[in-house]
Amino acid sequence: MTRLITYILCMLVAAAAAAQVDVSGTVIDKERGEPLTGASVIVKGADGKIKKFTTSKTKGNFTLSVPSVRGCRLEVSMMSFAKKYIPLDSVSMPLTVALEPGNTLLKEVTVKAERIREQGDTISYSVSSFAQEQDRSIGDVLRRMPGINVESSGKIQYQGEDINKFYIEGADLLGGKYGIATNGINHDDVGAVEVMENHQPLQVLSGISFSDKAAINLKLKSKAKATWSFHGDAGGGYSRQPEGAIWDGELFAMAVMPKFQNITTFKTNNIGEDISAHITDFFASRRGTDLNPYVSVALPEVPGLSNKRTLFNRSALVSTNALWKLGRGEFKTQLDYSFNRITADATNITTYFLNDGDRVITENRSGVDRSHSLAGKFIYELNQKTAFINNILKTDIAWDDVRLGITGSLANSQAASLPDYYVSNDFKIIKRFKEKHLVTFVSKNEWQSMPQTLSVSADNDFISQHIKEHAFFTHENAAYAFSIKGITVSLEGGLKGYWRSMNSHISGAPEITDSPGGLTNLVSTNYFTVYATPKFEYWFRRVNFSLKAPLSYAVYHFDKALANRNEFYFSPSLSMDWKPNNRVSTGLRAGMGRAPMDLSLIRPGYIMTDYRTFRRGVDDFYNSTSQNVSASVSYKHTRRGVFANALVMHSWSHSPYTLAQQLFGDYIVYSYSSARSDGRMFMANGNIGKTLDFMRGSANINGSFSRQKSHLISENDAINSVGTSWSAGAKINGTPLRWLGIDYRFDFSSTRLEMNGTKASWLGNMENELMLNIMPHKKWQWHISGEHYRNELTAGNYKNTILLDTKLIYKLDKRIELSATLNNILNQRTYNYLIYNQLTSFESKRHLRGRELLITISLRK
């Protein structure tokens, strides 16, 4: 890899030497002072002929190389702005080109009846050309757009990568909680969806720091601007399993005005929709306090099936989000509350693979989980080309109470209380001097408390686990960067402090925990780190090369539980992004490093995580090492409506400790053995999407492969396991006939587990999903949908499940709609599946939601 990087640098330097004159600068809106993306930039000679041309990037910047500027002039134009002419004989670079509003139009690249348009780094999708009659939210339409993937929670990926911003009319109202918008905004309120490639959200970093991420911007129709828009649903009906009344309700309100934005929503249902996922913060980074629950009492889940088939819930959510523009800055508030009451029943068979014979444990589980979550975020932000200021005050409070009854090999009842309290404040300021110099200050402080209680009653025995844990984390940082002729050099330095205490005790534990380690943990893990991170970034033409070399020195204190440690860490990484043209983008990434262990593993005593599982950590501090390399490529041809991407990644990990498993009757104990553990993982995935203009639809195919090697210890015997899996899928949608819409999805996956050279059989799962929308009249729609699941439980032994639904819709007018939905027409009651991992197999029989009828009225303002 070193030779490759050296070769690339030599090529870049040689190319740079050949260029005689660089014409560079930034295009901005004169009135607003903001960078303009997609402006046409042309250099013309004295004879009026075009010498070079380009378009301004996401940050408004442009660069052109010409042999000479003598007698040349620069012409810059953009739709809705007056064209600007600048003689190049007597100007200094870089230029700042300020465009004034005007009537000069920029010629656009119009594609396939304007379904997709490309303008510089911005791809614009026409919503009306992708929407179908059965679609409701903008998320439904986004799923039909090639190159874009939307999960059920509302999370968005573009060309296989997570987006880095979600805007509504250019404003970042929701931050990472944009699932509220994708699942809530009516698609009829949106005129276009803009994808801004290589989007740098911080204007102050424009032209200095490269971004390979994309952002989404919703361009609303005029009717949805400068006013409040509302829509809502109210539905009720009856279900066979669980037997009783069902309901589904939603109220959504949105205001998008020049100085103010607001989205407020209320949702409630008991029809199997997990609405709490809609307020997930997709941009949230890992908490510095790094506390996670030890107790893992959870209700049975079903992989592969949607929640509407398996979730027995009573849920409610209230979310209000507001943005006020205050002068040059903006103030935002985000308040969310959610409640879930979930019940579940399952029959499980767990098989532990042991050298002296497999051990089987059977369970019949029935439980209730009640959870509450309250979150608030208050943000002030100033985002300009010369300065960036951001402060975020955040609090998250959650309560989770689980009651679970079990019969079978070890009958018992469990009760767990799992509250979580978190408060943080993040402050960041960046100042840009003389266009090329940056100074940054960051201050981050977090506090978290996570008390946990688990009580187990079995026959006449009573076991209880009590845990008290809290942590405080602080990070203070300063950085300086300068940029000159495509080269950016930066140095970041700072301090990190961490204070954590954990106290746990088990009462009434069985005899298996009498081994060394004890039933009590009293641990204090603190550290203080000083670090410096030099970074070198080189831009030339369409290539970005980046080298990062963080160094840190850490002092660890364990309050006499362990010997104190001083450690040095170095984790260099490098990357290269190359965009040979507007259609192809490639990237290479590589990194290596040495990192400290997970400090929560420092606990020599046992912790009971559920009624038959006990875990013990380590009584010594250790470090782990890792290496990784990856390559990616993406391709788009907007004129043909083709979007494709692929990723290949290989990683290695090395640890001086190995996870060990030991069974004592029906109990299982996990601990760590002082034995080297090496892991290796390879994965590859790809995706191709294409518009189908003849039926106003699109098609997509995807595939993936992964292979993971790991080392474990079971019953004092070493086990080397290899898990291999692959999958393939396809989707197609469109309106082949005026009165018929179609959505079809196919997925197939297969897995195999190998232990100590013994290979198990491949086990495959297949899913088919079809939805037909019949439109016999402009006021009537009839949805017919079906799902087919084919699961291979053992080699050659298959379980087939077919689920059918139907929905009839009548539109009274543009604002009122009535519908009747009948789900699970065949009244399928159970579903079987099988999961393998390195040490066990898990077979489960789950209850499904039965036949249910729902009558709904939908209103829209």
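Trainee: Why is Arg 860 called buried?

Mentor: Its relative accessible area is 19%. Buried means under 20%, so Arg 860 counts as buried. Keep in mind that this is a predicted model.

Trainee: Where is Arg 860 found?

Mentor: Arg 860 sits in strand E53, which covers residues 852-860.

Trainee: What makes the pair Arg 860 and Asp 189 a polar contact?

Mentor: The two side chains come to 2.4 Å of each other. The cut-off for a pair of N or O atoms is within 3.5 Å. The value of 2.4 Å meets that cut-off, so the pair is a polar contact.

Trainee: Which residues does Arg 860 touch, not counting residues up to four places away in sequence?

Mentor: Asp 189 is one of them. The list also includes Asn 186, Asp 188, Lys 223, Phe 230, His 231 and Arg 815.

Trainee: Now Gln 132. How do you know that it is buried or exposed?

Mentor: Read its relative accessibility, which is 5%. Buried means under 20%, so Gln 132 is buried. Gln 132 lies in a loop, between helix H2 (127-130) and helix H3 (138-142).

Trainee: What does the side chain of Gln 132 reach?

Mentor: The side chain of Gln 132 reaches the backbone oxygen of Gly 734, at 3.5 Å.

Trainee: Why is Thr 55 called partly exposed?

Mentor: Thr 55 has a relative accessible area of 25%. Buried needs under 20% and exposed needs over 50%. The value lies in between, so Thr 55 is partly exposed.

Trainee: Where is Thr 55, and what does it touch?

Mentor: Thr 55 is in strand E3. Its contacts include Gly 38, Ala 39, Ser 40, Asn 61 and Gly 120, with residues up to four places away left out. Gln 465 is another matter: its C-alpha atom is 63 Å from that of Thr 55, and the two are 410 residues apart along the chain.

Trainee: What is the order of strands in the sheet that holds E3?

Mentor: The order is E3-E2-E5-E6, in an open sheet with antiparallel pairing.

Trainee: What makes E3 and E6 edge strands?

Mentor: Strand E3 (50-55) and strand E6 (81-87) each pair on one side only. Neighbouring strands of this sheet are turned by 15° against each other on average, direction ignored.

Trainee: How do you know that E2 and E5 pair?

Mentor: Count the bridges. Strand E2 (residues 40-44) and strand E5 (residues 73-78) are joined by 5. Pairing needs at least two, so E2 and E5 pair. Val 43 stands opposite Leu 74 in E5.

Trainee: How many bridges join E28 to E29?

Mentor: There are 21, between residues 461-484 and residues 487-507, and the strands run antiparallel. At least two are needed, so E28 and E29 pair. Phe 473 faces Tyr 498 in E29. The two strands form a hairpin with 2 residues between them. In the turn, Lys 485 has a positive phi of about 50°.

Trainee: Which strand do 19 bridges join to E29?

Mentor: Strand E30, residues 520-540, also antiparallel to E29. Ser 490 has Lys 535 in E30 as its bridge partner.

Trainee: Which members of the largest nonpolar core touch the most other members?

Mentor: Tyr 125, Ile 148, Ile 185 and Val 193, out of 42 residues. Ile 148 is in contact with Tyr 125, Leu 142 and Val 195, among others. Another core, of 24 residues, lies apart and includes Val 297 and Tyr 667.

Technical notes
Residues numbered from 1 in each chain as written. Predicted model: local features only at pLDDT ≥ 70, side-chain atom pairs only at ≥ 80, totals over all residues. Heavy atoms only, no water. Helix = DSSP H or I, 4+ residues; strand = E, 2+ residues; numbered from the N terminus. Axes fitted to C-alpha atoms, helices over the stretch in contact; angles between N-to-C directions. Buried < 20%, exposed > 50% of the residue type's maximum accessible area, 1.4 Å probe, protein only. Polar contact = N/O pair within 3.5 Å; in protein donor to acceptor, adjacent residues only side chain to side chain. Contact = heavy atoms within 4.5 Å. Core = buried A, V, L, I, M, F, W, Y, C linked by side-chain atoms within 4.5 Å.
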